[in-house]
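Here is a short report on a structure with two chains in contact. Look at it first, then read on.

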Protein chains: 2
Amino acid sequence: MIEQFQKLPGVGPKTAQRLALHVLKRPEAEAQALATALIEAKQQVGLCQVCFHFSADPVCEICRNPNRDDSTICVVADSRDVIALEKTREYRGKYHVLGGTIAPMEGIGPEQLHIQPLVQRVSQGTIKEVILAINPSVEGETTTMYVGQLIKPFTRVTRIAFGLPMGGDLEYADEVTLARALEGRRDLD
Amino acid sequence: MIEQFQKLPGVGPKTAQRLALHVLKRPEAEAQALATALIEAKQQVGLCQVCFHFSADPVCEICRNPNRDDSTICVVADSRDVIALEKTREYRGKYHVLGGTIAPMEGIGPEQLHIQPLVQRVSQGTIKEVILAINPSVEGETTTMYVGQLIKPFTRVTRIAFGLPMGGDLEYADEVTLARALEGRRDLD
């Protein structure tokens, strides 16, 4: 059991041992419940056929929601990013989860990601804007540029702003962030 | 000596004691050199008459530098911000240091800051752009809006971008930063 727990992200030998001892101390019904939850979730949760976000149904709740703006797609690398953006309660459009970023060093090329389905969604002609919300890492930039060029013929393509984080301090910002904040400056309303 | 060291920012009782013991162990010439440096710097370094950045001369090196763009002024709260922006080596214009941000709770109103001299600089008509590079705190936003409205009649006014810092991760960004990153999105080149 300790070995299995250790395979989870962020769980080292000590934490794994603590988790295992906890399970051993509790009634068997609890171990049973955890085991069932793991298997059921794994069996039932797949990827949304439209946006590739995790979903228990063939089409996820966000894609099915009629109150959300159908004409805007926010492209993210990972389902975690959908959850992060949903927490802001600012975005009312749909999503598209690529399932990673282009990383040739790790053998991840465009064909391993859900890029073709995105191009298909966008090529229908009903999408007014695609917002690329991909982390500003080297792989993220590559992916942004690659996807952007592919879908530009069909729609307006924007990307999220990079700059000083809220509550951030110029003095403590790294130089690249400051340079991007300067470069990305906007007219004051 | 320990008491005096403790008045410096970030120096607590223990550090102050460590600094003091260090001085006591070293030759007297070193203590003399530190004391002289303190007094000379304090006597010689004042504020640039033009931009209010720290300067040993009446007009600072940046303001005197003929290779820097005279038509752009970057407005910051503090001399530390000038140093941070200079490190990026991206900005080739001039600066204006306000000397703080508007903070009514602490009794700092616009008249305590170097705002009037900025208005005067800008009203000459030779400034093409003023970039407001003030931290995104409540006081910073107030100051940005106040200064912006004052100088807008004379020139183009921009502000630095707020959003995801470089190397940042959507998943770990706070919600306000993510909301600003979405709101501040730009067309992909």
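Which residue forms a salt bridge with B:Asp187? The partner is A:Arg156, and the closest N and O atoms are 2.9 Å apart. A salt bridge here is a side-chain nitrogen of Lys or Arg within 4 Å of a carboxyl oxygen of Asp or Glu.

This is a predicted model: local features need pLDDT of at least 70, side-chain atom pairs count only at pLDDT 80 or more, and totals for chains, interfaces and linings use all residues. Residues are numbered from 1 along each chain as its sequence is written, chains are lettered from A and ligands numbered from 1 in the order in which they are written, and side-chain values use heavy atoms, with hydrogens and water left out.

**The interface**

The rule finds six salt bridges across the interface of chain A and chain B. It also finds 24 residue pairs in polar contact there, both residues being at pLDDT 80 or more. A polar contact is a pair of N or O atoms within 3.5 Å; within protein, one must be able to donate a hydrogen and the other to accept it, and residues adjacent in sequence count only if both atoms are side-chain atoms.

On the side of chain A that touches chain B, six elements each supply at least two residues: α5 (79-88), β5 (129-132), α7 (138-151), β6 (156-159), α8 (175-183) and β7 (186-187). Helices (H or I, at least four residues) and strands (E, at least two) are DSSP runs, numbered from the N terminus. α8(A) gives the most, with nine residues. By class, this side of chain A has 23 nonpolar, 11 polar and 18 charged residues. Ala, Val, Leu, Ile, Met, Phe, Trp, Tyr, Cys and Pro count as nonpolar, Asp, Glu, Lys and Arg as charged, and the others, Gly among them, as polar.

Chain A brings 52 residues to the contact (heavy atoms within 4.5 Å). Chain B brings 52 residues. The area buried between them is about 4800 Å². Carbon and sulfur atoms give 63% of it. Buried area is the accessible area (1.4 Å probe) that two parts lose on being put together, summed over both.

One open sheet of five strands runs β7(A)-β6(B)-β5(B)-β3(B)-β4(B), with mixed pairing. β7 of chain A and β4 (93-97) of chain B stand at the edges, each with a single partner strand, so one side of each is left without a neighbour in the sheet. Another open sheet of five strands has the order β4(A)-β3(A)-β5(A)-β6(A)-β7(B), again with mixed pairing. Its edge strands are β4 (93-97) of chain A and β7 (186-187) of chain B, and each pairs on one side only.

Two strands pair if DSSP finds at least two bridges between them. Some of the pairings follow.

| Strands | Sense | Bridges | One bridge pair |
|---|---|---|---|
| β7(A) and β6(B) | antiparallel | two bridges | A:Asp187 and B:Thr158 |
| β5(B) and β6(B) | parallel | four bridges | B:Leu132 and B:Arg159 |
| β3(A) and β4(A) | parallel | five bridges | A:Ile73 and A:Lys94 |

**Within chain A**

A:Lys94 also forms a salt bridge with A:Asp70, the closest N and O atoms being 3.1 Å apart. A:Lys94 is in strand β4 and A:Asp70 in strand β3, 24 residues apart. Over all chains the count comes to 20 salt bridges.

**From the record**

UniProt lists "zinc finger region: C4-type" (unreviewed entry) at residues 48-63 of chain A. The end C-alpha atoms of residues 48-63 lie 8 Å apart, and the span is 19% helix and 12% strand. UniProt places "domain: Toprim" (unreviewed entry) at residues 71-165 of chain A. The end C-alpha atoms of residues 71-165 lie 28 Å apart, and the span is 35% helix and 20% strand. Such annotations may be inferred rather than shown by experiment.
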